[in-house]
Amino acid sequence: MLRDVMVLGVGVHPFGRFDGKTFEDLGQEAVVTALKDAGGMPWKEVQAAFCGTMHGGTGAGHRVLARVGMTGIPIVNLETGCAAGSSAFIMAYRTVAAGIADVAIAIGVEKMPRGFMKMTSYPQWQTMSGLAINTLEFSLRASRHMAEYGTTEEQLAKVSVKSHKNGALNPYAMYQKEMSLEQVITSKMVCFPLRLMEFAAPGEGAGAAILCSEEVAKKYNTGRAVKVAAACIGVAQYGSSRCGGGIGGMGQSAKIQNEEVATKLSREAYEISGIGPKDLDLVELQDTDSSSEIILYEQFGLCELGEGGRMIDEGRTEITGDIPVNPSGGLLSCSEPTGASALRQLAELTWQLRGEAGKRQIPNAKAGMAQASGAGGNCTVIILKK
Amino acid sequence: MATDIYISDSLFTVPKSPSEKPHLMGSKCKTCGEVTFPKQPWCANCGGEAEELLIGPKGKLYSFSNVNNPVPEGYKGPIPFGVGSVAVDGVRVMCYITEPDPSKLKIDMDMELVVEPLFVDDEGNNVIGFKFRPVA
């Protein structure tokens, strides 16, 4: 029997480029902020730590946490591509839910190289054939979606316009500037049909979340703690579109069509939490590119299959819409420091549910969902509620 | 003297005469029948034992894109170039396609496998790989 788990404190180091700061500096700031946000919890109260990162190297979490004290607790570093931060969160959640620890911390830290991501896992033949770029995975899926459902290049561009409109209100975003439809749709084509302003940029940043039992939450600041209503994790199975995505190699089945991983995990999260797509007040999702957002609307059941483009046309996912998506500005505005990104999403949910999201605040938000996708078909779906 | 360098010796067969057609070297699971490419000794669907199977040269275009920028590391050929997902005998292969202009491509169109140079490397060698081209 699992017990309820609360998110007591969150901390985010703003996303962007910070030449004067080290990986450890970024992580330390997020951890210290999260402890303060948790009602000034002393570090020695934390009994387990999980650190998600892709580029952090050996002992990434150890190097960060040495700055707040080596108290002898387990520190586990983990990599699930761009879902590393939320995977750390889920491991912390499970540790507390199982009663193994009363307080656990999830951290995600990244200081990424500039430019398009280098894909180190592709076989040599794909590299020599010009196929070793992860933008192709998204563009091939977007192109098929356009042909199958009539999604337009303008609808794809509108996702980026919406994100930047929200990002302009977010002090943690790398790009805090609105962008016109014209600017997006005339930006350089990367891989048809996706343009430069429709891809998330790499970046630097960090996030942290303190998870604890209800008892511990009561001791600190019950009023501001939010509950983990569901925390689901998995990998795209064989015969689904993201199987093996972003790691190169394997072809895809043209015969078997299994459930998409985000469809499956969101369905599980709805079942576990008793919160359905119509009950959600906001969603933070993995908009690595603009088409991913449209496709995820459909996979989450926010609309019917093929209707994702219409959702953006109708403005339903704006902050003022009936189901706001990426009120933070998403990855498109915030940038994506891979390991940190999903913890920034979870911090956004926490702030929104507490009513602390400032100009981005969605009135009366009671339940929110965060989803991350990572290379290799990794996926996490987490629902937080008031 | 430029030599021909193949991107792999376990991905495709090389025709010995103009009348011969190339094939991709895939594999088929002895248990569930799933076809995979590149070939592998096990099945990613069920974990069963798989045996080699030549697939193609015909396929159908499942999706298409192209690469405009940036130039992918390790590739030294022309930009833009076409990329497709081509369904070949039960498996969708992500591959170089000879048509870089998306307006000239259509989902489900007939495609065929060709073995052709991708680029000339820094030492002047012809780097040869496989591509799919629309059937005229």
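## Salt bridges in the model

A salt bridge is taken here as a side-chain nitrogen of Lys or Arg within 4 Å of a carboxyl oxygen of Asp or Glu. The model examined is a predicted one. Over all chains, 33 salt bridges are counted by this rule.

A:Glu348 belongs to helix H13 (residues 338-354) of chain A, whereas A:Arg360 lies in the loop between H13 and strand E11 (367-374), so the pair ties together parts that are twelve residues apart in sequence.

Are these two residues buried or exposed? Because buried means under 20% relative accessible area, A:Glu348, at 1%, counts as buried. A:Arg360, with a relative accessible area of 4%, is buried as well.

## A link between distant parts of chain A

A second salt bridge joins the side chains of A:Arg224 and A:Asp37, at 2.8 Å from N to O. The two residues are 187 residues apart: A:Asp37 is in helix H1 (residues 23-37), and A:Arg224 is in the loop between helix H8 (214-219) and strand E8 (226-235) of chain A. A:Asp37 counts as buried at 14% relative accessibility, while A:Arg224 counts as partly exposed at 27%.

This pair also takes part in a network of salt bridges that links A:Asp37, A:Arg224, A:Arg354 and A:Glu356.

## A pair in chain B

In chain B, B:Lys39 and B:Glu52 form a salt bridge whose closest N and O atoms are 3.0 Å apart. B:Glu52 sits in strand E4 (50-55), and B:Lys39 in the loop between strand E3 (35-36) and E4, so the bridge ties together parts 13 residues apart in sequence. B:Lys39 is partly exposed, with a relative accessible area of 32%, and B:Glu52 counts as partly exposed at 47%.

At what angle do helix H6 (residues 153-167) and helix H10 (residues 290-299) of chain A pack? The angle is about 95°, and the axes are 8 Å apart. Since angles of 65 to 115 degrees count as roughly perpendicular, H6(A) and H10(A) are described as roughly perpendicular to each other.

On the H6(A) side, the contact involves A:Gln155, A:Leu156, A:Val159, A:Lys162 and A:Ser163; these meet A:Ser290, A:Ser291, A:Glu293, A:Ile294 and A:Tyr297 of H10(A). By class, the contact has four nonpolar, four polar and two charged residues.

Methods: Residues are numbered from 1 along each chain as its sequence is written. Chains are lettered from A and ligands numbered from 1 in the order in which they are written. This is a predicted model: local features need pLDDT of at least 70, side-chain atom pairs count only at pLDDT 80 or more; totals for chains, interfaces and linings use all residues. Side-chain values use heavy atoms; hydrogens and water are left out. Helices (H or I, at least four residues) and strands (E, at least two) are DSSP runs, numbered from the N terminus. Buried means under 20% relative accessible area, exposed over 50%, partly exposed in between (1.4 Å probe, protein chains only). Axes are lines fitted to C-alpha atoms, for helices over the stretch in contact, and angles run from 0 to 180 degrees between N-to-C directions. Angles under 35 degrees count as roughly parallel, over 145 as roughly antiparallel, 65 to 115 as roughly perpendicular and the rest as oblique. Contact means heavy atoms within 4.5 Å. Ala, Val, Leu, Ile, Met, Phe, Trp, Tyr, Cys and Pro count as nonpolar, Asp, Glu, Lys and Arg as charged, and the others, Gly among them, as polar.
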